[in-house]
Amino acid sequence: MGELGLVLKKRREEKHLTLDDLQEITKIQKRYIDAIEKGNYHLLPGPFYTRAFIRNLAETLSLNPDQLLEQYESELPSVEPEPLETIPRRRRSLNRPSIFGPWITKVLLFLFVLIILFIIYMFIVRQFPAAPPQEAEKNPPQVQENFPKTSSPTSNQTGTNGGGAASVNEGGTSPAPSPAKEPILTFVKEEGKTSYYQISNVDYISLQVSTPRGPCWMEVRKGKKGKVIYSATLPEKQEMKWEFTDSNNAYIRLGATQNVDVTVNGKPVSLAGKKDVYRLDITLVGTTSATP
């Protein structure tokens, strides 16, 4: 067993992750992960995939992939450049007649002259625009103003001062604007490695994920079995935001839960004490009327 495999295996066991968990997070087959931990690199598809798998595993386990690859370079299979296939050069036939006769040169020259003349014409037109007709300036059209006469406002339409003030209620004050709706995030239940939430009093789900404490692999879907809109490792101190305007369910899987903060429509989701591999299921349950 190689030293690099021991480092990855020890880190995996510290995070209480099984080979099945790593396979689900990284999408790398369990037999390849086991081969890397045991140093059996000959069982992998090739040197390029070996380095790619190790880099993916290191990022998922919160390790520095560049440092690992450089430190244990001697253990890894070398990447040999593929031999370039030489293509025999075809001999150019000197006696082959050309399909273009001498007339093609004359046609091209003629077209070139036409293009030059067209450019000169457009330049002159833009520099010296046509003057407006003088008759229109001497005899401007006469506009007849026929506006209907307005009657003076009556006492029933205006206040005691006779002005056109805005309408008010009987108490003499304008109606107060309705208060803004506040999103309501409700914890429903927890089953295994999944927490279920409901968000209400909003028209759509707004999901925001940040990584202030380290990188984290994540997968975001429109529904548990819906379309995948993000599947990658988010680096440390980065932030992503999605708005689900065409779906009433957001489903997210996290690889390193302790490194991330999640908010739904500005409401924080509690992830304290959750396992590394964890899932959140958020459902939009519609809007509710604001309290008067």
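Is Tyr197 buried or exposed? Tyr197 is buried, with a relative accessible area of 10%. Here, buried means under 20% relative accessible area, exposed means over 50%, and partly exposed lies in between (1.4 Å probe, protein chains only).

The model is predicted: local features need pLDDT of at least 70, side-chain atom pairs count only at pLDDT 80 or more, and totals for chains, interfaces and linings use all residues. Residues are numbered from 1 along each chain as its sequence is written, and side-chain values use heavy atoms, with hydrogens and water left out.

The protein chain has seven helices and ten strands. These are DSSP runs, numbered from the N terminus (helices: H or I, at least four residues; strands: E, at least two). Of its 292 residues, 29% count as buried. Contact means heavy atoms within 4.5 Å. Among contacts between residues at least 6 apart in sequence, 66% join residues at least 24 apart.

Rings of Phe, Tyr and Trp (its six-membered ring) pair if their centres lie within 6.5 Å; planes under 30 degrees apart count as stacked, over 60 as edge-to-face and the rest as tilted. The count comes to five aromatic pairs. One of them, Tyr32 with Phe53, is stacked, at 5.7 Å centre to centre and 20° between the planes. Tyr32 lies in helix α3 (residues 30-38) and Phe53 in helix α4 (residues 47-60), so this pair ties together parts that are 21 residues apart in sequence. Tyr32 counts as buried, at 14% relative accessibility. Phe53 is also buried, at 14%. Tyr32, Phe48, Tyr49 and Phe53 form one aromatic cluster.

The rings of Phe187 and Tyr197 have centres 5.4 Å apart and planes at 70°, so that pair is edge-to-face. Phe187 sits in strand β1 (residues 184-191) and Tyr197 in strand β2 (residues 194-200), ten residues apart. Phe187 is partly exposed, with a relative accessible area of 45%.

Lys189 lies over the face of Tyr196, at 5.2 Å from the ring centre. The criterion requires NZ of Lys or CZ of Arg within 6 Å of the ring centre and within 35 degrees of the ring normal.

The axes of helix α2 (residues 19-26) and α4 come within 11 Å and cross at roughly 105°. Axes are lines fitted to C-alpha atoms, for helices over the stretch in contact, with angles from 0 to 180 degrees between N-to-C directions. Helix α2 is thus roughly perpendicular to α4 (65 to 115 degrees; under 35 is roughly parallel, over 145 roughly antiparallel, the rest oblique). Leu22, Ile25 and Thr26 in α2 meet Asn56, Leu57 and Thr60 in α4.
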